[in-house]
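Subject: Structure handover

Hello,

Here is the structure I said I would pass on. Please look it over first; my notes on what I found follow below it.

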Amino acid sequence: MNVSSPQPLLVVGAGIAGITAALEAAEAGKEAVLVEREQAVGGRVLRSHQYFPKLCPPSCGMEINVRRLEKNPRIRVLTGAQVAKADRSANGWSVAIAVSPRFVNERCTVCGDCSKVCPAKVPDPFNLGMNEVPAIRLPHPDAWPRRFVLDRSACPSGCKACVDACTYDAIDLNAAGREETIEASAVVLATGWSPYPIEKLPELGGGRFQDVVANVNFERLASPSGPTGGKILRPSDGTPPKKIAFVQCAGSRDVNHLPYCSAVCCLASLKQATYVKEQIPDAEVTMYYIDRRAPGRNEDVLTKVAATEGVKLVKGKVGKIEECAGGLKLRLEDVEAGRILDAFADLVVLATGMVSSLKGEKPPFGVGMDDDGFGLDNPGASLFIAGVARRPEDVAASVRDATGAAAKALVAARRSA
Amino acid sequence: MEKIGLFLCTGCEIGAAIKTDGLESLAKKGGAKSVVMHPFLCSEEGVAAIRKAVDDGSVDSVLIAACSPRAKTAEFRFDPLKVSVERIGLREQVAWSHPHGEEDTQMLAEDLLRMGLVRIKKNILPKPLAETIEKTVLVVGGGVAGLSAAKAAAGMGHPVVLVESSARLGGSMAGVKDAAPEQPPYGELHKNTIGELISAVQGNASVRVLLQARTVHIAGQPGQFTVDVESPSGKETFLAGAIVQATGASPYDATKLGDLGYGLTPDVVTSVDLDRMIAKGEIRRPSDGKPPRRILFVQCAGSRDPAHLPYCSSECCVTTLRQVAAVHRDLPGMECAVVYRDMRTPGQMEHFYQAVQEQPGSMFTRGEVAKVEKGPEGNLVVRLKDSLLGPDAALQADLVVLAVGMIPNSADSEAIRALRDARVGAEKGDSDVQRAHAAKVAEELAFHEGTEILNLEYRQGPDLPVLRYKFSDSHYICFPYETRRTGIYAAGTVRAPMDAAQAAEDGWGAGLKTVQCISAATRGEAVHPRAGDISVADFSLQRCTQCKRCTEECPFGAINEDVKYTPQYNPMRCRRCGICMGCCPERIINFPEYSVDAVGSMVKAIEVPDELDEKPRVVAFLCENDALPALDEAAARRLSWNPWVRVIPVRCLGAVNVIWIADAMARGIDGVLLIGCRKGDDYQCHYMTGSELANKRMENIQETLTRLKLDSTRVRILEIGRNEFDRIPQIFAEFEKVIEETGPNPMKGF
């Protein structure tokens, strides 16, 4: 760009959408600041075992993106950081960023000596709490910045085992947080989503039965870096399941839960069916759906999975799940035919939907939202939304929209400069 | 480089794993001018020691023997114009993955040091490009995506020339009255704002619009394209820095849909026809000009059908909803039935679906059309199959609307090039047989004649290469805009099936990519995936044999040919993958810090024990994007693997030159592994075809082995995923078994 505002673009949220928006802007010559609440970038995508439709690991593309982040002199990444306050300024936004204390500093070499001696165990947030990890650890295998993190609240009183074990003087248990103000020319909000909690679906066994799991948890079960080392096992008894049911629209397209379609769950389940068939070839997989939504080239995934032996796709809305001898009983309502059927499974995956991160919160930057909590662009305020904070969509669409949002932000920044 | 400084870190268990005394003399023997050992090299103090040596000029190159080249990159970055840096991953490849203090571990570390030293010695500092860069952006196609791209690029301060083949802007949205609700309220029709977008572009002083125009020739490279455009006002030539191709898609040819009743009576129309009627405010039966009472919409007309379009066209469900809503508005009381296989209304479109479904007169039913027949009263009877209305369900309608799918307006560049080559071959082939064969190929491909869109002067063909189903090739999950032609970005429905709102977004994104490409060219830097790389390839053309391998194999078409087939390198098209370097049999293509000689020297620097020692040696070339990270992860988890393997990271498997394998064999190395990314339709190779090409070259390698009288099992090529760290030890163990069975390389000791 020939003329650009000297003030940086601020991108909030370093999932795939935020990373993309910041990188695309920075590679176009714009200064960018990328702010992430967690201690490492990557957001939800790194928790996926594979992407559809190519069935490839998200860490592959993230490897490139991390190289791009490291190499670009115009980009600054603040992790463990949140927007504390945002005010309109003459040329954009004046944003106070609260950076939480980082107890492990940049001297960390990820050698792991501290983890070995740490007496405190915490549920692993990366694996959605499905296993325990030391309070001091690498947050996940692909963590960047590549540094250990410490869950300080879990430290036993007076313990400094990690400090003593660290050869590199990289741990400061008394580290303090700080605040800095960024004068931004424009803002891209890419704060992502959270999975619809299965506890809100008790009729489908959510939160009631161990062998009823959410699709996001199932993704971790299939991942080599997950709690089972990539083995698909029933949580109740640790055995491989033989009859797996995927329940689509678990919460989505339902006025009592999420009235919209979450856009990715059909393909996520089809993808997960391939994980099952690869690991447990004789397993029976049934997917209960209202509509099979596999737009564009994703149709190929549907065609392939539907043709797999041992995979059945049944049009029907599951209304109730109960425990029964040896497994789970699904009561389903064939909406169009008006029939009620029973089906059985020993593991049920609820294809739960996506909830906008903006929903229910006091939205930062005074961003406008639709009734479902998805953010609306405000070009007049140089404020743009990218990724699932804007609408339910898959990774490919998030990357596209994030690039578009960066473009709009750069145009707005230039106009207001 | 002449003054090599070796900086060896003894932290992170490296000092415990190997004996460091003796390494200094090894390094000096290997050409190091100075050796510094540090217990914590990535610390401020450690880095300061390196910086001091660089600043006082005592070293001109820095060899860092510490952690993986992927770790601590910020700490170990120095000005690439001043100092050459190479890294040896002693921590991951030695200390974390092999038993400490053992002879094999020591030998491994010493080999890695020797390899690093010869490699950095061969490095030359890069000379960045400093070219005059044109800022104008060319946009081909004036539909939603093209208009949005033009608006974006102009908004970022770039002049834009927009070339549209028809007489008006707006593309397929121009004749459409309404828009689906992209913003709240989601339950109702919105106004189609294409008119405002057209006005904004036409009213923008930075944008020049050429109608009824086409690009007849585009030569050059990013930053320096010369574009010839023909329009009614004549032919003109201008410069452009980067290009957006937004040529859209066409409705599927309904005449092929006789099964769905098209052609049976004039009252079977397409969704495009109905949009015209809605826009005119005259929804009429074509047969008698009367308003219909009942309209039946048939979804997936041509889409999701292997006989027509195997993919889903993505936008037809929402188009039908929009049309049903418009019909209800314009002709209240009209019945609209929709026959669908799956209603696809992702995201907030679900609200629109619910709202339209609830309108009086709407009926949505799942099923497929078995047959369309003429009805008794001049109407139509649509017989259904797979319908929940019953086995013989039939619906009557007096207008049937086929929701036709879309076909990208792309040109099959590779096929066009094959056609052109065949035409030349038919005339100038060496023998009658060759000429006849070429003539036959030319005949088969003749239908591609005249389908060119961009008319690029590229050896590999005049347009963007296409992927399955003729959508332009790209890494369509992570990096959707990256086509195989640098600086040329596809946007909208030519890239993937999408609706108008998505096409607008796509246009904005592609607009930014053009600005980015021009910005990178101005800085003399490469674009994705090696964004920021300032080195360019060097071609020693005096030794070129005009074999054409590089011109044909470059995934990005960076290399043209002159009439004598001598390669003409376009550095700003180049992505620095090194695939040309890998394919060149004369080894004349090299990068300043990545050359055939440098890597070959690494292979030759490996000490090969004689066969009596029973210590075989294996060289493993690992793709640095997926295989090397997988190896690093295996090491981080302290998995252990065979200590006889020597790992050499490469930019891409396609950058592996066969000579390295020959060198390894000649040196007595027992086996060579090439480990890279997935190839094929769902390729993961970040240079698109690198993995594919490496596999093809294996045939060549087998020949080399046979010539050397060696067993072909000694060389193996494998794919690995970025997350498959657990396979690393397994791969090495299995290969070791193969080598054991094959026996020692008979070239040992020669």
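The contact between the chains takes 62 residues from chain A and 67 residues from chain B, where two residues are in contact if their C-beta atoms, placed from the backbone, lie within 7 Å. Before going further, note that this is a predicted model, in which local features need pLDDT of at least 70 and side-chain atom pairs count only at pLDDT 80 or more, while totals for chains, interfaces and linings use all residues. Residues are numbered from 1 along each chain as its sequence is written, and chains are lettered from A and ligands numbered from 1 in the order in which they are written.

The chain A side of the contact

On the side of chain A that touches chain B, the elements giving two or more residues are α1 (16-27), α2 (58-71) and α8 (395-416) of chain A. Helices (H or I, at least four residues) and strands (E, at least two) are DSSP runs, numbered from the N terminus. The most comes from α8(A), with 13 residues. By class, this side has 29 nonpolar, nine polar and 24 charged residues. Here Ala, Val, Leu, Ile, Met, Phe, Trp, Tyr, Cys and Pro count as nonpolar, Asp, Glu, Lys and Arg as charged, and the others, Gly among them, as polar.

Helix α8(A) against chain B

α8(A) packs on helix α13 (residues 500-522) of chain B at an angle of about 65°, with the axes 7 Å apart. Axes are lines fitted to C-alpha atoms, for helices over the stretch in contact, and angles run from 0 to 180 degrees between N-to-C directions. α8(A) is therefore roughly perpendicular to α13(B); angles of 65 to 115 degrees count as roughly perpendicular, under 35 as roughly parallel, over 145 as roughly antiparallel and the rest as oblique. Residues of α8(A) in this contact include A:Arg400, A:Asp401 and A:Lys408, and those of α13(B) include B:Glu505, B:Asp506 and B:Trp508. The contact divides into five nonpolar, four polar and five charged residues.

The core

The largest nonpolar core has 390 residues, and A:Val188 and B:Leu402 have the most contacts inside it. Such a core is a set of buried Ala, Val, Leu, Ile, Met, Phe, Trp, Tyr and Cys residues joined through C-beta atoms within 7 Å. A residue is buried if 20 or more other C-beta atoms lie within 10 Å of its own, exposed if 12 or fewer, and partly exposed in between. α8(A) gives the largest share of this core, 13 residues. Not counting residues up to four places away in sequence, A:Val188 touches A:Ala405, A:Ala406 and A:Ala409, among others.

A buried proline

A:Pro295 lies in the loop between β15 (284-289) and α7 (299-306) of chain A. A:Pro295 is buried, with 26 other C-beta atoms within 10 Å. Leaving aside neighbours within four places in sequence, A:Pro295 is in contact with B:Cys312, B:Ser314, B:Arg344 and B:Pro346.

Chain B

Chain B has 20 helices and 32 strands, and 57% of its 750 residues count as buried. Its C-alpha trace spans about 100 × 65 × 60 Å along the principal axes. Within chain B, helix α16 (residues 596-605) and helix α18 (residues 658-666) pack at an angle of about 20°, with their axes 9 Å apart. They are therefore roughly parallel to each other. That contact has six nonpolar, one polar and two charged residues.

Regards
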